[in-house]
Structures are given as C-alpha cells and as structure tokens.
Amino acid sequence: MIRKTMDETVHNARGGEGSVVFSHILSKEELMGHANVYAKVTIKPHSSIGYHQHVGNTEPYYILSGKGIFTDHDGTRTEVSSGDVCVIQVGEHHGLENPTDDDLVMMALIINEG
C-alpha cells in the first residue's frame, strides 16, 4: 500500500505555545502496540512542544532542519539543529521550542517499553 502521511495540526501541544504539525507516517494501529507515534513533526515559528513526561515509553527526536531549544529531564536547555539526536529515557521529562522565524522539523518516534 502506498499513501500520503496523515497530517494533524495541534495547538498548544503538551501545554506548549503555538502550532505543531504532526505528519504521521504510521497510525497507532499500524504500529501494532510497539510504538505510539512515528511522525515527521514541524514546530512552527515561535511555537513549542511543552515540557512533559514519558511514562511507559521513550521518545527520541532527530532534528532534520531548523534550530530549537531542547529542555532535558534535569532542566538543562540546549540549542539543537540539523543532525542532533535528543534521547529521552522512560520516565523522563522533556520539551522542545522553536524561537526562530523558520520551521523546526524533526522525526519523533514514541517507543513503548518492554
């Protein structure tokens, strides 16, 4: 089967600011319980994914383009850009913001524990 991604625009994602577009590559059903999300994620200018916790799953981010600020579990804020991988362990918190005038694009995969 060949199809296009399923786009979903979320406002104030996880308590963040502005708009985030999730281009779902596979649906939750297609992930067959192994994962919850597999998507290209576009954080629009001056928008963010709010600081949130992962319970029972992990979520690596792979930055494709743009620049942003990643907030890690310990509150550390680090600038990220193309080629960076943000690793979030089970039980940890994180957030990502785009303070720029350009889109921040990444891949996100929420993998279920065990």
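1. Strand 4 is largely enclosed by the rest of the structure, because five of its seven residues are buried. The model is a predicted one, and the points that follow should be read as a description of that prediction. Strand 4 covers residues 47-53.

2. The partner to look at is strand 10, residues 93-98, which runs antiparallel to strand 4 and is joined to it by five bridges. Within this pairing, Ser47 faces Asn98 of strand 10.

3. Ser48 belongs to strand 4. Is Ser48 buried or exposed? Its relative accessible area is 11%, and the cut-off for buried is under 20%, so Ser48 counts as buried. Beyond four places in sequence, Ser48 touches Ala13, Gly16, Glu17, Val20, Ile43, Leu96 and Glu97.

4. Glu17 sits in the loop that links strand 1 (6-11) to strand 2 (19-26). Leaving out residues up to four places away in sequence, Glu17 has contacts with Asn12, His46, Ser47 and Ser48. The C-alpha atoms of Glu17 and Asn98 are 9.6 Å apart, although 81 residues separate the two in sequence. Asn98 is also the residue opposite Ser47, and Ser47 is among the contacts of Glu17.

5. Most residues other than glycine have a negative phi.

6. Where do Asn12 and His46 lie? Asn12 is in the loop between strand 1 and strand 2, while His46 is in the loop between strand 3 (35-43) and strand 4. Asn12 is partly exposed at a relative accessible area of 44%. His46 is partly exposed too, with 48%.

7. Ser23 is a residue of strand 2. With a relative accessibility of 7%, Ser23 counts as buried. Apart from residues up to four places away in sequence, its contacts are Thr5, Met6, Asp7, Tyr38, Ala39 and Lys40. Met6 and Asp7 fall in the range of strand 1 (6-11), and Tyr38, Ala39 and Lys40 fall in that of strand 3 (35-43).

8. Strand 6, residues 61-65, pairs with two other strands, and both pairings are antiparallel. Two bridges connect strand 6 to strand 9, residues 85-86, and Tyr61 stands opposite Cys86 there. Four bridges connect strand 6 to strand 11, residues 104-112, where Ser65 has Val105 as its bridge partner.

9. Val90 is placed in the loop between strand 9 and strand 10. Its relative accessibility of 36% makes it partly exposed. Setting aside neighbours within four places in sequence, Val90 is in contact with His54, Gly56, Asn57, Thr58 and Glu113. Val90 and Thr5 are 85 residues apart in sequence and 27 Å apart in space, C-alpha to C-alpha. Thr5 is itself one of the contacts of Ser23.

10. How many helices and strands does the chain have? There are zero helices and eleven strands. The radius of gyration is 13 Å, close to the 13 Å that the globule rule gives for 114 residues, so the chain is as compact as a globular protein of that length. The C-alpha trace spans about 35 × 30 × 25 Å along its principal axes.

11. Of the contacts with a separation of 6 or more, 60% are between residues 24 or more positions apart. Buried residues make up 37% of the 114 in the chain. The accessible surface is about 6,400 Å², and 53% of it belongs to carbon and sulfur atoms.

12. On charge, the chain carries 8 positive and 16 negative side chains. The centres of the two sets are 7 Å apart.

Terms used
Residues are numbered from 1 along each chain as its sequence is written. This is a predicted model: local features need pLDDT of at least 70, side-chain atom pairs count only at pLDDT 80 or more; totals for chains, interfaces and linings use all residues. Side-chain values use heavy atoms; hydrogens and water are left out. The radius of gyration is taken over C-alpha atoms; the globule rule is 2.2 Å times the number of residues to the power 0.38. Buried means under 20% relative accessible area, exposed over 50%, partly exposed in between (1.4 Å probe, protein chains only). Contact means heavy atoms within 4.5 Å. Accessible areas come from the Shrake-Rupley method with a 1.4 Å probe; for residues, only the protein chains shown count as cover. Lys and Arg count as positive and Asp and Glu as negative; His and the chain ends are not counted. The place of a charge is taken as NZ of Lys, CZ of Arg, CG of Asp or CD of Glu. Two strands pair if DSSP finds at least two bridges between them.
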